[in-house]
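Q: I'd like a close look at one single part of this model, taken slowly.

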Amino acid sequence: MEFKPSHCPYCGEDLSAVLEEERERLYCEACDRIVWRNASPVSAIIVKKEEKILLVKRGIEPGKGEWSLPAGFLEYEEEPAKAAVRELEEETGLKVGKEDLNLIEALNIERFEGQRLVALVYEAEAEKASENISSGSDADDARYWDIEELKEDEEEVLRSHFLEVIGESS
Ligand SMILES: [Zn+2]
């Protein structure tokens, strides 16, 4: 399935395809406007503790049961680093200051069902975060994974682009 609108978000009419700037774009004839497609921004966070990183087990679809970095979509007006801090607390109970985050990667990736994301990946040392992990909303479990263990366990752990950045950050 391709993640692509078939109706105009402004008036609800069917969209057609036009060629604009050498790319096929979605066009609404009724509004006489191009409906732009953009990748959706998400923030993700790597919390590192020695040679371990914190992952959460997704509690909702898509990808229910898979292990992933704490991550989520930005609210409309939300600063990316704040979204990373918020998602970390929501999914793991850990609190960390925005000033303790380093931006380490900005990726355009395909995630579920052909949806494209701009993933801003932050990193924080575990010493900077509060101590008690408790899996929260959207997450069934949260724990530290040994980086070596991650490389071995392909069945259980989602081998996503999010995880590929681990190699670069360690
Ligand atoms: Zn329209």
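How many residues does H1 have, and what does H1 reach from its first C-alpha to its last?

A: H1 has 13 residues and reaches 18 Å from its first C-alpha to its last. That's close to the 18 Å expected at 1.5 Å a residue, the expected span being 1.5 Å times one less than the number of residues. Helices here are DSSP runs of H or I with at least four residues, strands are E runs with at least two, and both are numbered from the N terminus.

Keep in mind that this is a predicted model, where local features need pLDDT of at least 70, side-chain atom pairs count only at pLDDT 80 or more, and totals for chains, interfaces and linings use all residues. Residues are numbered from 1 along each chain as its sequence is written. pLDDT is the predictor's confidence in each residue, from 0 to 100, and H1 (residues 80-92) has the highest mean among the elements of the protein chain, 95.

Now for what's tucked in: Ala83, Ala84, Val85, Glu87, Leu88, Glu91 and Thr92 are buried (20 or more other C-beta atoms within 10 Å of a residue's own, with C-beta atoms placed from the backbone). The buried residues of H1 pack against S4, S5, strand S7 (71-73), S9 and S10. Ala84 and Leu88 are also among the residues with the most contacts inside the largest nonpolar core, which has 28 residues; such a core joins buried Ala, Val, Leu, Ile, Met, Phe, Trp, Tyr and Cys through C-beta atoms within 7 Å. S9 gives this core its largest share, six residues.

From S9 (116-125), Tyr122 is in contact (C-beta atoms within 7 Å) with Ala81 and Ala84, among others. After H1 comes Gly93, with a positive phi near 80 degrees.

Note on methods
A residue is buried if 20 or more other C-beta atoms lie within 10 Å of its own, exposed if 12 or fewer, and partly exposed in between; C-beta atoms are placed from the backbone. Two residues are in contact if their C-beta atoms, placed from the backbone, lie within 7 Å. Lists of a residue's contacts leave out its neighbours within four places in sequence.
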